[in-house]
Amino acid sequence: MRLRRRRRENQRLMPIKNQKDPARGVFTRRALLFMAVQTGTLGVLAHKLYQLQVKDGDRYARMAASNRVSKRYLAPPRGRIVDRYGIALANNKENWRALILPEETTDVAGTIERFSTIIPLDERDRARIAREMRHQRRFVPVMLRDFLSWDEMARIELNAPSLPGVLIDVGTRRVYPEGELLAHIIGYVAPPNERDVAHSALLALPGMRVGRSGIEQSQDEKLRGTAGSVEMEVNSVGRVMSELNRIEGAPGTEIGLTIDRGLQQKVLGRIGEQTASAVVMDCRNGEVLAMVSTPSFDPSLFDSGVSHAQWIEWTNNERTPLINKTVAGVYPPGSTFKPAVAMAGLQSGLFSPSDRIFCPGHLDVGGTRFHCWSRWGHGSIDLHQALKYSCDVYFYEMARRIGMDRIADTAHQFGLGTTLDIELPHTRTGLIPTPTWRQAHHHHWNGGDTIVSGIGQGFVQVTPLQLATYTSRLATGRSVQPHLVRALNSEVGPQATADHWPELNMPEKYLTALRSGMFAVVNEQHGTAPKARLSLPGVTMAGKTGSAQVRRVSRALRESGHFNSANLPWEYRPHALFICFAPYDNPQYAVSVVIEHGNAGADAAAPLARDIMTDTLMRDPVNHVTPPPESVADAGDIE
Amino acid sequence: MKFHKRLLRAEPSFRLLSKLWRISWLYVLLICTLAGVGYITLYSAGGGTPYPFAAPQAARFAVGLVLMITVAMLPPKILVRISWPLYLLSITLLVAVLHMGHVGKGAERWLMIGGLQVQPSEYAKVALVLALASWFYRISYARMGNPLWLLPPAFMVLLPVVLVLKEPNLGTATIIGGIGAAMFFAAGMRLWLIVLLLLPVPYMAKFAYAHLHDYQRARITTFLNPESDPLGAGYNIIQSKIALGSGGMWGQGYLHGSQGQLNFLPEKQTDFIFTMIAEEWGYVGAITVIGLLLVLILGGMLMAIRSRNRFGRLVALGISMNFFLYCLVNLSMVMGAIPVGGVPLPLVSYGGSAMLNVMLGFGLLLSTWVHRDSRFGESEDEETT
């Protein structure tokens, strides 16, 4: 007891003496060691923090900025396509769709899976989404579903918290209010394929479309516009907190066509069920006012994807609905070629309009007999009569004498067998054959080839648009090019004025001779196309018939006297053609009509051309700034 | 001084007053300051409103403050007595949480007791500190040389470590192991024994890695190369680093940290709260908070050294070590220096269990300080020697 008390007193008097308590000494030393370690480690952390915050601060600040700014590209609206009066032919309609931004969701597959429980996705959708995901960068949104209804949109909005990265966006869908009426001219659009996207990053945006035919294809670059972008502050689950910066893109250019929608409709109505093509042109400046090819197709079917059965039906149809026959259909021009041959003859200096040729009903060259369409012949006739009666022998003889090269040269000047500047894809050039061309294909050019070419048969092939261009050039003496684009964003281009087009290198007197011959065809007694005579007061028209054989008529059949092409099966009947321009004394409009297997140009094509020309003259689209009322047929409008 | 001595010898009611007087109110002020930092940061994390984080946290802190002062009044005699029941209770809770705990983030971590979320692993730390201090106090320094006397406390450490690993909460298990090791060392474990035990550690680490859960291994992998999976497992580390870095020297301003305010930061109100501080207050603010933490740690250690009884010394050291390891793991984690684990920043992070556990610890620390001159047990020590 005493001992203990003494010790207690000792300790109370003396300060801590570690030596007296080994346990406490060890503890203190080791605790001090701990304190040093603690200070050291927190010091290291403070240093590390200094590096992160101050030394590398700029780098992380930049990362922070990109972290919260999400840049999204805005697809520009595709330009409209309108007719010459501004009536919409191709338009954009609102289309609500659901997109997913892969970079804003940590679990893309899971999000899509949850989405599909709200809005079902079929196998085709999934395959497409997977494909787009693979090929696109993470900041480009991928479309999940489009054409959403209000109800579906509400369901997505309601489930938004479980769908990070999913956004609803209003896009546009291409609509063609006129449907089949202008399908060949306007064409259609389709989603871009991988090759398109490789060419233009703009096309990677959802909702972008690429023109696949017609004006939509040829004017695709202009219609597309330029993309805008919007920068948004977003949180980590992709919810937009605020919009920081917006750069509006430029919408696509509005393309104003030369087409008069009302006239187009009338022409289509005139053609009816026939497989035919018709072109109405302003022969002074080459504006295509109507361009009809029947049968047609419904372009809206391409919007959601054409079914295989539908495609087979289209491609196997012998009436070729997908092909625009006015630019891609080639036909022997038949007798409509004769004015071109006549011009070649006149220009050669070997013929004058008054030179006469005797027609006995046939021409024998080198043991081969070439028949005139009239078995009894036309007797001794000059150029005027030759055109009026459409005498074959006259032009056989002319072709034989001047040679093929001269004919081809003149035909090319008229636009036949040449590539025209029309703003349409998939056009065909046709052919004006020459000995050189024939030899290039390792064949011998026979004299007979030149002779049949004189009446537009044999190897000669032209398109209906070339025929209309040829007629226009013949009527005005100007080297007009047919075109469909009249205005860009309502601004009319220089090609709309006649002076824009250079004069043809053909003497006016020869052109006058041809025009008068064509006038006789329609208006004089014994002309081949009396049915083409206009019934409008004070207006006359000039034209030329053509019947193009698609099969050689055997001599035996012809001589049997029972030959009547109307009795042939449809596909062997000759094509019926007619070209014309009006008014005769002051040409304004040119029309070409080709009725496939229509038999005789004078009976089938001429009346149709007359009706089309009548409609054109009554509407007179060239001299009207606004479309004339559909029902009024006021003859007073016509000069 | 005379007045003070008289108080000590006074009646029990006066003794309580004198004990209150002996509490280090400076230390309490520092604790309140740290909690205040937590409050204003949680206010910002809530988007500039007291709800849902700041206000409940303040209420919890008030409860914790009362708890702390109460515990500070308890003399070592009582603490030694309750240490064993507390330890057994905490082990029971750890076993219970494995069987009927609530799952959070791939780990069973909490129990619902009377409408309160309780994380047994948090209480296990405090209970272990008390139990170990109690054991080492009883066996005295002399027996530290005999490894046989160290086997029972080693088992006492390993039991909660294994149970917490099973939850599985790697971060907390590491802290528990760390506390145990620190207390063994401070209690006077012989150096030769320490060296002997450290030799097989590399082999054990290899073995441990093979038995980690997939998500724990993912943490280690992404820690080594966080950019390998920027939107997946590496997301937290990258976003956290971006937030820290974008703070710069002076910060983006209170309530204006873009990463935190725009929800890029994962768990910004709990584990990653430090990144919010660093983003809004910059390096200056962050280093101030680290300084405050260090002062609290070193203050606790000094209290341990100052104590005149072995039990108090060990308790104070264990608690300070716990607080230090908390801070170390959390700060290293948000800076991307160690794999991510669910360890909050004490007093600042949002959460009830961690807050009450920390305040309980500070209560024990202050109790040591209040009873620093009590020579509880020292005489018995010498009698046995």
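What share of the contacts in chain A with a separation of 6 or more comes from residues 24 or more positions apart? The share is 75%, with two residues in contact if their C-beta atoms, placed from the backbone, lie within 7 Å. The model is a predicted one, so local features need pLDDT of at least 70 and side-chain atom pairs count only at pLDDT 80 or more, while totals for chains, interfaces and linings use all residues. Residues are numbered from 1 along each chain as its sequence is written, and chains are lettered from A and ligands numbered from 1 in the order in which they are written.

Chain A has 23 helices and 21 strands (DSSP runs numbered from the N terminus: H or I, at least four residues, for helices; E, at least two, for strands). Of its 639 residues, 45% are buried, that is, with 20 or more other C-beta atoms within 10 Å of their own.

Over in chain B, helices H6 (residues 120-139) and H15 (residues 310-334) pack at about 150 degrees, their axes 8 Å apart; axes are lines fitted to C-alpha atoms over the stretch in contact, and angles run from 0 to 180 degrees between N-to-C directions. That makes H6(B) roughly antiparallel to H15(B), a label for angles over 145 degrees. Among the residues that meet are B:Leu130 and B:Phe136 in H6(B), and B:Phe311 and B:Ile319 in H15(B).

UniProt, in an unreviewed entry, lists residues 170-186 and 350-370 of chain B among those for "transmembrane region"; such annotations may be inferred rather than shown by experiment. Residues 170-186 of chain B are 100% helix, and residues 350-370 of chain B are 90% helix.

Note on methods
Parallel < 35°, antiparallel > 145°, perpendicular 65-115°, else oblique. Buried ≥ 20, exposed ≤ 12 C-beta atoms within 10 Å, placed from the backbone.
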